[in-house]
Amino acid sequence: MTYAVAPGGPAGPGAYVLGVDSGGSGLRVALGRAGDPGPLATTVCAEPVRTGPGGIDAGHLLDQLLPAARELLERASAAASAETRRDARPSGSRADDASAHEVAAVAIGAAGMATLGERLRAELPGALTDALGVRRVALAADAVTAYAGAVGQRPGAVVAGGTGMIALGTDLKEWHRADGWGHLLGDSGGGAWIGRAGLDAAMRAHDGRRGGSAALLDRLRAVFGPAEALPGLLYPRSDRPAVLASFAPEVAACAGADPVAAGILRQAAGHIAEAAAAVCPAPAEPDGEGGEGGETGEVALTGGLFRMGEPLIAPLRAELARLLPGARMTTATGDPLTGALRIARALAAGDLRLPHHPTMLFVPREQETGQRGETAVHSEPRPE
C-alpha cells in the first residue's frame, strides 16, 4: 500500500502519526491519528537496537521499525475500511478524507540519542521519507520523550528513575538536565545506587563494621547466596547496574522496620530532589494583570523506580517541599512511548512547543513549522 505524503500545512485529524521508543529492552512502536488521543495500536520488537563504534546503528533500527510500521499501517487501514463499510458513513467523513491515508509525522525517542545518535540524525529522516513518505521527523533523547509523556508540552520538570536516574526540565525556551551520567559517575538515587547502598550495608553487617544492617544481610543471602561469594557473582557481569538495581526493592521492603534501609531511601530521595531542583523552571513572574507569580511548577515522576511506593515517595515528597516550595509533585500521565506519540502529533499539527535542540530534540530545519534555530541544554543549576 502507498501512503500519501503529508502536505506542508498542518495535517488533517485523520492522518497517521508514529511514535517510537527504543531502549535496552527493545523497540516499541505506536500508531495513532493526528487528531485523536492515544494509540490505535502498538507493537514490540524484542531485540534492542545495536550500538557500535559509530553510535546507534541506524540500519538495524530501520530493519525493525519499517516492517513494524507497515504492519500497523496495514492493520489500521483495514480496520478503517471495515468500519466505513459497517457504518456506511456519508462521503466527506474522516474515513473518506484523503488525510486519513497520510503518514504525517514520526517521532523516535532512543536511549543514547544525545551522545550516540549521529547516524540516526544523518540517516533516518531521508530513509523514512523514502520508505513511508513521511516528511516530518523528530529524533529525541529518551529523557525528552519521557518528559513529553509525563508533562506534555507544559513547562516543568520530570525525574525518570529506573536502574539509573535523570532529571530534565524546561521553561519551553531551553532544556536543563541533571545527572543521568551512569552508575559510576552519577545516577544518584536511582535503582543501582539504592541497590549498591543496600548491599554495602549488608556487607558491613557481615564484617561487623559500623553502619551495617542485619536485615539487609539476610536479604542478600536470600537473593544472592553467601555474602563472601557476592564479589565473584557481581564483578564479572557486564550488566552490573541492573544486578545492583535488582536489590533496590529489597531495601524498600526492609525500610519499614530497619533504620539503615530507611536511611538509604532518605538519602536517595535527597539526591532525586536535588536533581529536580536543579532543572525545574524558575517561578513565574506576575503577569501584571492580577496574575500571581511564584508557583514553581510541576515535577512529574516516571519510571519503575517509583513503584517502590511510600518508602521512597514519602521522603521524596518531603525533600521536594523543602527544596521547591510550591512545586506540585505528580505521577506521569504517560510513558516515553506516549511521549513520542505526543511529539509526533504536535509536529503534524505544526505545534511542537518543546525546545528544539541538535541532540536532545532534533527536527531537520526544513521540517520546522513553529520554531527556528536551536536551543541550549544545561547540565548544571541555573544561577539564582
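The questions below take up the basis of each description in turn.

Q: What kind of model is this, and how are its residues numbered?
A: This is a predicted model, in which local features need pLDDT of at least 70 and side-chain atom pairs count only at pLDDT 80 or more, while totals for chains, interfaces and linings use all residues. Residues are numbered from 1 along each chain as its sequence is written, and side-chain values use heavy atoms, with hydrogens and water left out.

Q: How many helices and strands does the chain have?
A: The chain has twelve helices and 15 strands; helices (H or I, at least four residues) and strands (E, at least two) are DSSP runs, numbered from the N terminus.

Q: Why is threonine 43 called buried?
A: Buried means under 20% relative accessible area, exposed means over 50%, and partly exposed lies in between (1.4 Å probe, protein chains only). Threonine 43 has 16% relative accessibility and therefore counts as buried. This residue belongs to strand E4 (residues 41-45). Leaving aside residues up to four places away in sequence, threonine 43 touches Leu27, Arg28, Val29, Ala68 and Leu72, where contact means heavy atoms within 4.5 Å.

Q: What makes H10 oblique to H11?
A: The axes of helix H10 (residues 259-279) and helix H11 (residues 310-323) come within 8 Å and cross at roughly 45°. That makes H10 oblique to H11, because angles under 35 degrees count as roughly parallel, over 145 as roughly antiparallel, 65 to 115 as roughly perpendicular and the rest as oblique. Axes are lines fitted to C-alpha atoms, for helices over the stretch in contact, and angles run from 0 to 180 degrees between N-to-C directions.

Q: Which residues of H10 and H11 meet?
A: Among them are Leu265, Ala269 and Ile272 in H10, and Leu312, Leu316 and Leu320 in H11. The residues of this contact divide into 13 nonpolar, one polar and three charged. Here Ala, Val, Leu, Ile, Met, Phe, Trp, Tyr, Cys and Pro count as nonpolar, Asp, Glu, Lys and Arg as charged, and the others, Gly among them, as polar.

Q: Why does leucine 172 count as partly exposed?
A: Leucine 172 has 25% relative accessibility, and so counts as partly exposed.

Q: Is aspartate 187 buried or exposed?
A: Aspartate 187 has 11% relative accessibility and therefore counts as buried. This residue is found in the loop between E11 and helix H5 (191-207).
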